2 protein chains.
Amino acid sequence: MLGTMMHRPLRIADILTFAAECHPDGEIVSVRTEGDVHRTTYRETALRVAQLAHALQGLGVAPGDRVATLAWNGYRHFELYYAISGIGAVCHTINPRLSAEQMTYIVGHAGDTLLFVDTTFVPILEKLRGELPEALRIVVMTDRAHMPGTTLDGALCYEELLEGQDEAFDWPEFDENTAAALCYTSGTTGEPKGALYSHRSMVLHSLIVPISMPTVFVPGRRILPVVPLFHVNAWGLPYTAPLTGASMVFPGAKLDGASVFDLMDREKVYSAWGVPTVWLGLLGEIEKRGRLPEGFGHIVVGGSAAPRPMIEKFEARGVDVCHAWGMTEMSPIGTTGQQSPAMAEWPKDRLIDWKSRQGRRVFSVDFKIVDEDGRPVPHDGKTVGELYVRGNTVIGGYFENASATAAAMDADGWFGTGDVAHITPDGILTITDRAKDLIKSGGEWISSLDLENVVMAHPKVANCAVIAVPHEKWDERPLLVVAPVGEGPTKAEVDELLLKHFARWQLPDDLVLVEELPLTATGKVSKLTLRRQFAQYQLPEQRAAV
Amino acid sequence: MLGTMMHRPLRIADILTFAAECHPDGEIVSVRTEGDVHRTTYRETALRVAQLAHALQGLGVAPGDRVATLAWNGYRHFELYYAISGIGAVCHTINPRLSAEQMTYIVGHAGDTLLFVDTTFVPILEKLRGELPEALRIVVMTDRAHMPGTTLDGALCYEELLEGQDEAFDWPEFDENTAAALCYTSGTTGEPKGALYSHRSMVLHSLIVPISMPTVFVPGRRILPVVPLFHVNAWGLPYTAPLTGASMVFPGAKLDGASVFDLMDREKVYSAWGVPTVWLGLLGEIEKRGRLPEGFGHIVVGGSAAPRPMIEKFEARGVDVCHAWGMTEMSPIGTTGQQSPAMAEWPKDRLIDWKSRQGRRVFSVDFKIVDEDGRPVPHDGKTVGELYVRGNTVIGGYFENASATAAAMDADGWFGTGDVAHITPDGILTITDRAKDLIKSGGEWISSLDLENVVMAHPKVANCAVIAVPHEKWDERPLLVVAPVGEGPTKAEVDELLLKHFARWQLPDDLVLVEELPLTATGKVSKLTLRRQFAQYQLPEQRAAV
């Protein structure tokens, strides 16, 4: 028997309509590519989004069309999120750090018909133009005065498109499973793969995440999405913030420690969201100035695991560090580090340990971990296996990519994350490694992540990675690659630290110092690149044997 | 084009599974009919709910079957919510304050096959038994030791049903629009009408309400649902609390000021939810003792508008008063009094004014107000009209009642609330009256609610109501009925107060003192009863004319 309730489609456009009415003074502060700081509210933004929607229709954008963006975090990019999905089209956010080849591939694969670009990325497009479909039209996200001289024929001007358009828009109704946004994984293996989010998945994600962070999603609280709008919807903040009345401060292009500190200090940001690399920069600045940015109290770390020493240093200054774990394929948030009341009594050290884990699942995302044969293993906090996930915010397949879909989904319809993890009976997820980053030495697994977490605590280590290198006898052995502080540590110094936590056979066979570690387009250490660089590396034992 | 996301049905059972895993130590504290206080956690409750689900299936309960409850707020009632809906059946909560006639009607109309009853309501059932379907089986919600001697043939014992059942249950999957809960309006006009909630509507309601009250829905916060589980799902708290990790304190049967005060004080309740009558009792106790219950900081008032003086007194003691407005037909919450950041600077008086209104809509509930011809009128904060609502948490029709459905829904599928209201451009809803409680005097409308709000501020008034009485010349004229404090006010004293806010022609023509006002089954003043009582009332002018 069915209930007698109305069935209304969950729509992204309703979030902004709601914000404009119920949180009208919620702010969007943007450091612009034009160089200044721009301020607007949800009320004003809704009017411009209506204008943009009319403009898009005027350009012939129809339901289902893919419209691409190549832009920093800012109010215009936010407007595109709502206007494109609002008319039933798909907002395809492109990561500007992708290689030219990857970018060409995804524009073609997505079938983008229109591309919105920040002035700073115009040179990238100029170089690519010959490779891109001729029919692809370009809109530069600025006003006439700031339009760059460009070789891009017929490039349109964003602000001119909006001029004179109606400030009201009657958002169409459609199936809530309609596609709304498209994001490609940065493709550390094979071609980039697209996750095609629906209105239902994004609205549910927006409802689910705030209840796991009730101190952050409060009207007037200021949130800094350092995580880019071109990277998995900035972890959902363009939806969760207006829905809850929180304000957003968009940092634009400058993400060094000093710039982020100054912006946070000036704008009284309470909660800052981004990857560990950015927070290491901010932490350096905080230590240099000997104080926190004013109003700063909360940090969300995702993308990669937060190194324990980083957590310790922020916590010591009173900043609540919250891990969030997820994937492009998960909209993206799958867990948060929401504390339980009992933890208020915990000793600091235990709390930091806990915060180094990935936290607990958000409502409606289900986890299972399986052994090599795909059989579920117990959630006992010890048994590791590959993590599979299920839920309305998880992809059921990649966009037009049957082979990648087949490889990712199991027979019961769960998505394989490629992460290796264990889960406690009370739901605490700990990612022990990426499946492909595990090192198999003489039949035993060694976790590169565990080793890295300990090495990161060494004062002479700025960043590090452990990768597998081939070994005749043991199959694979770990190699430690370090970006040092100053001269960096010696192998003996690192070993001394590691031996407190690991058996000798688990220790890296060698340590290599590099100026900096290669990063992926999303700012994570690229182990793929490292493995290529060190594919022929001779371990000391092997060198000795020559 | 559709997204490539998984589609998982939204299910109520997943809320408790989530709570048991992610908020395992969240508590349910119950004042039992057995007389003691019972404590359990979400983790333990999930095990008992699994046992209960097995027991229900053992009793032959099938998907779609209606299972009734006649019970106070307590953990067993909570368990029934989850076990019944979890197996795809419908939890029909019966209001024990309904008349025998109404109760017989709704048990028959719902087609209940099984009825769970608290020991205190067994005598009601014994009287009714002859009128109820013979096949209806009764389960008494207690253990063997507390089973009452009863004439109810074959009454089963709740705890015996659970004994030995498996503590795990594989919750079935079904369409998220499947019926989950049934609640009848108390029926001030005509027969009671049923709202049949779905899994989708309840899960969405549970996600939507907490984001509008982020200070309340926090792990470990203690919430007191004085609002009964038999009254519109206790405003959703049995779902929102476990979903967010908040704890619940169920007060059982004793709802007088002293009992509620003692319970809140002992259990450190932060947020208390209920109708104004209960809070008037608590307020009296607070003033008597000269202090608040320990930890008390937040109150949610619904069911009827909170009288301004009550809001003032709570606020003066530092308790944040939050209005919530809704209806049985709305799951039930439609608005909350969530403050915007700017209000922190408002003078107290302006804030109290604001808090006397119904607040702003929650996400995904849409409002329109229409004139007598059904045409939408502007949201300008002045123009009044009948309020229509739309959303996933709103009924699209009554359960098996085509004529009531036809009367309630408009041509565009909106539900008519029967409330008269205006809405400001920034979404603040003010209910000015029930449509049928408006008084039409010489073609002009007089709001009974506005008059009552002012009269309530008089120190000699405990409670009051304004109703229309027939008038030869003016059609209708207002009559004021007062439950006094001490001797009560004179007409002249009340008029003096009213003339500060109203024109003389809007004032009640007479004042009648009564010992107490008649209440509906949900604790609201029954204007239907009052109108019947005073149908033949002669106003002074009319008496003079005789």
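The model is predicted: local features need pLDDT of at least 70, side-chain atom pairs count only at pLDDT 80 or more, and totals for chains, interfaces and linings use all residues. Residues are numbered from 1 along each chain as its sequence is written, and chains are lettered from A in the order in which they are written.

**Both chains.** Select chains A and B. A rotation of 180 degrees with 0.0 Å of shift along its axis superposes chain A on chain B, with RMSD 0.1 Å (least squares on C-alpha atoms of residues with pLDDT of at least 70 in both). That is the relation of a two-fold axis. Now pick A:Pro214: in chain A, its C-alpha is the nearest to the axis, at 2.6 Å.

**The sheet in chain A.** Select the seven strands of an open, mixed sheet, ordered β7-β6-β5-β3-β4-β8-β9. Strands are DSSP runs (E, at least two residues), numbered from the N terminus, and two strands pair if DSSP finds at least two bridges between them. At the edges are β7 (156-157) and β9 (194-198) of chain A, each with a single partner strand, so one side of each has no neighbour in the sheet. Next, show β3 (66-70) and β5 (112-117) of chain A, which run parallel and are joined by five bridges. A:Leu70 has A:Val117 as its bridge partner in β5(A).

**Strands in chain B.** Move to β18 (385-390) of chain B, where five of six residues are buried (under 20% relative accessible area, 1.4 Å probe, protein chains only). Strand β17 (366-370) of chain B runs antiparallel to β18(B), with five bridges; B:Asp366 pairs with B:Arg390. Four bridges join β18(B) to the antiparallel β19 (415-423) of chain B, where B:Val420 stands opposite B:Glu386.

Definitions and conventions:
Heavy atoms only, no water. Buried < 20%, exposed > 50% of the residue type's maximum accessible area, 1.4 Å probe, protein only.
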